[in-house]
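Here is a short briefing on one protein model. Look it over, then read the points below.

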Amino acid sequence: MPASVSGRTVRSVAAPIRREEARVAEGKNNRRASDAARPAKETGRQLRRLERRLAAVRDTEARRERQLEKARRRGVALEATIAALRPAPEPGPPVGPAAYCLREKRRVAIVDPEPIVLRNGRAALAGTCPSCGARVVTTARATVGAVPDGRSGDPAES
Ligand SMILES: [Zn+2]
């Protein structure tokens with residue numbers, strides 16, 4: 001490392017430090033001289049510093065709240081967009097009374113279900129298939145029992 005460069009560097013850095021040290025020493029002396037005025041002055045300065053810090057914190061708080069609000073709105077909008085784009089779910093198992101459609105060979109929801117009693121005495125639920133219109137009948141106890149007047153609740157029957 002060239003001595004001239006390092007010498008200049010040291011000098012240029014050292015000079016301000018020396019000036020700062022001198023100022024600090026002077027300040028100490030000044031403060032010592034006016035000891036009575038010092039607490040109020042210090043407190044005032046500290047107060048202003050803390051108030052500035054509080055203002056900064058409040059500022060950050062407000063900014064974060066705005067960000068959070070924005071993010072929430074964006075989330076709601078995205079949910080709506082996704083819901084609109086998402087294909088309708090495959091028709092799953094029917095929610096209401098269901099029966100097996102013999103024509104289509106699959107379970108369907110019963111349209112206009114009505115409780116009936118089969119020739120063998122079992123309670124059943126009869127209605128119409130919603131897609132092909134065939135008459136559908138179910139004797140599933142849970143389904144039949146779900147409709148008033150269905151008589152399948154009685155274990156002696158099965
Ligand atoms: Zn059908």
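**Briefing: sheet, loop and fold**

E114 stands opposite A126 in strand 4. The model is predicted: local features need pLDDT of at least 70, side-chain atom pairs count only at pLDDT 80 or more, and totals for chains, interfaces and linings use all residues. Numbering starts from 1 along each chain as its sequence is written.

- Strand 3 pairs with strand 4 (residues 123-128) in the antiparallel sense, over five bridges.
- Pairing requires at least two DSSP bridges between two strands.

**Positive phi**
- K105, not a glycine, has a positive phi of about 55°.
- K105 sits in the loop between strand 1 (98-101) and strand 2 (106-109).
- K105 is exposed, with 7 other C-beta atoms within 10 Å.
- D112 lies in strand 3 and has a positive phi near 50°.
- D112 is also exposed, with 8 other C-beta atoms within 10 Å.
- Exposed means 12 or fewer such atoms, buried 20 or more, and partly exposed in between, with C-beta atoms placed from the backbone.

**Overall fold**
- The protein has three helices and five strands, in the pattern α-α-β-β-β-β-β-α.
- Helices (H or I, at least four residues) and strands (E, at least two) are DSSP runs, numbered from the N terminus.
- Of the 158 residues, 11% count as buried.
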